[in-house]
Amino acid sequence: MIYDIAILGAGPAGATLARLIHNGWRVIVIDQRNLGETAGFIKEKCCGGLLAPDAQKVLAEQGLGVPGEIMSGPQTFSVKSVDLDNGITRYYQRHYLNIDREKFDRWLVSLVPGAVEKRFGCIFKDFEDCGDHFDIHVHNGLNEGIIKARVLVGADGAGSRIRRKYFPWREGTEYISIQESYETNDVLPHYVSVFDKSTTDFYSWIIQKNNHLLLGSAIPGNEDAVAKFSSLRLRMRELGYISGDPVKRTGTFVIRPRSGKDIFTGSERIALAGEAAGFISPSSAEGISYALRSGAMLAECINKFGTGFSKHYKKRTGVLRVNLAGKNIKAMAMYGRLARKLIMKSGILSMNVNPRRLHE
Ligand SMILES: Cc1cc2nc3c(=O)[nH]c(=O)nc-3n(C[C@H](O)[C@H](O)[C@H](O)COP(=O)(O)OP(=O)(O)OC[C@H]3O[C@@H](n4cnc5c(N)ncnc54)[C@H](O)[C@@H]3O)c2cc1C
């Protein structure tokens, strides 16, 4: 049997596409993670798990509210920005939702209609273009198999195999993200963002997830990420942000699109959505809203234009390109040492926090 559409990846982009695509298509969605109701995970998604206002807005637009059991704790209302390059610290009010990312992905998948076939715990290896369809080579941990589909959608994130084959990332856009988890009995009353040129030209973060602190960083892919992360860890220990040994470490790629040249939505019978297409903020690495939006836009174009969706999808996502251009301008102010110094020194948009209550 030949499917009409094979969606590779059931993260926010793939799950949204699978949820919104019309019933008339024979659709299969494949993911290496076990995202079904009861199964455990083969591989956990490495993520800070903050649902930014943009993502909250898209969910609202899609008629969705996040169930309570997906929330993590504490819910905090500010970011402490620690600029180690300039020796300045400021607090900024922020409205993120602190969520459990695995539960969030599982919830989105649970909304995909039963008519869509789901193949979880299934690794996509490669594919061949056979003219009128693709042969997709998969492995379920025990056996190899071939799935046939007329249209291929890469919603497989920053490490996308389809993206790498057709439109590899440009130099300087691929970052390696490492995240470690530390046990804690305290409540950190804010998120922490760390600017430290000796670690990365992007940023590092500390986010509490119940009784664990996540220390993470996104480091340029051409640098020794492990060594850079080790010195960040040391620094954060010296400054008292973390203590003890990590109980868990995860790592993955994260993309930092520098211009419209880094966005690729696909060609005739192949489409890319979410981070695989390059849709992620270059200023904050917020990618969930872009994944939800591009997944929905692709569903809309396939539903309306059938297999002739490609040029319409490219046009439809123009609004995301414009948005990312704006984020690149923001990134220049945030990550230029002098510009950041001026902004943080001025105190503009910052808030006062009573330090005695923070045990500092
Ligand atoms: C450390 C880190 C922290 C982040 N923190 C945040 C945050 O707090 N808030 C935010 O909004 N964004 C954050 N992001 C970005 C965000 O996680 C991504 O941009 C977003 O998840 C992209 O969604 P997606 O659906 O495009 O891809 P993904 O969420 O990456 O989903 C891709 C799916 O494809 C599957 N897959 C990949 N390859 C294969 C294969 N070969 N075979 C089978 N399945 C495969 C994966 O298992 C996964 O389920 C963070 C990213 C990183 C790396």
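Tutor: Quick term before we start: a salt bridge here is a side-chain nitrogen of Lys or Arg within 4 Å of a carboxyl oxygen of Asp or Glu. And keep in mind that this is a predicted model.

Student: Fine. Which residue forms a salt bridge with glutamate 223?

Tutor: That's lysine 228, and the closest N and O atoms of the pair are 3.4 Å apart.

Student: How many salt bridges does the structure hold?

Tutor: There are 24. One of them joins the side chains of arginine 170 and aspartate 262, with N to O at 2.6 Å. That pair links distant parts of the chain, 92 residues apart: arginine 170 sits in the loop between helix H4 (161-166) and S11, and aspartate 262 in the loop between S15 and strand S16 (266-267).

Student: And are those two buried or exposed?

Tutor: Arginine 170 is partly exposed at 36% relative accessible area, while aspartate 262 is buried at 1%.

Student: What about glutamate 180 and arginine 249?

Tutor: Their side chains also meet in a salt bridge, 2.6 Å from N to O. Glutamate 180 is in strand S11 and arginine 249 in strand S15, so the bridge ties together parts 69 residues apart in sequence. Glutamate 180 is buried at 0%, whereas arginine 249 is exposed at 52%.

Student: Switching to the ligand. Which residues are closest?

Tutor: Asp31, Arg33, Leu50, Phe124 and Glu275, out of 35 residues that surround the ligand. Asp31 and Arg33 also belong to a network of salt bridges with Arg101, Glu102 and Asp105.

Student: What are the backbone distances to the ligand for glutamine 32 and phenylalanine 124?

Tutor: A backbone N or O atom of glutamine 32 is 3.0 Å from a ligand nitrogen. For phenylalanine 124, a polar backbone atom lies 2.9 Å from a nitrogen of the ligand. The protein covers 93% of the 1,000 Å² of accessible area that the ligand has on its own.

Student: How does the shell divide into nonpolar, polar and charged?

Tutor: It has 16 nonpolar, 11 polar and 8 charged residues. S15 gives the largest share, 3 residues.

Student: Last one: how many residues of H1 are buried?

Tutor: 8 of its 9. Among them is Pro12, and a polar backbone atom of proline 12 is 3.2 Å from a ligand oxygen.

Key
Residues are numbered from 1 along each chain as its sequence is written. This is a predicted model: local features need pLDDT of at least 70, side-chain atom pairs count only at pLDDT 80 or more; totals for chains, interfaces and linings use all residues. Side-chain values use heavy atoms; hydrogens and water are left out. A residue is near a molecule or strand if one of its heavy atoms lies within 4 Å of it. A polar contact is a pair of N or O atoms within 3.5 Å; within protein, one must be able to donate a hydrogen and the other to accept it, and residues adjacent in sequence count only if both atoms are side-chain atoms. Accessible areas come from the Shrake-Rupley method with a 1.4 Å probe; for residues, only the protein chains shown count as cover. Helices (H or I, at least four residues) and strands (E, at least two) are DSSP runs, numbered from the N terminus. Ala, Val, Leu, Ile, Met, Phe, Trp, Tyr, Cys and Pro count as nonpolar, Asp, Glu, Lys and Arg as charged, and the others, Gly among them, as polar. Buried means under 20% relative accessible area, exposed over 50%, partly exposed in between (1.4 Å probe, protein chains only).
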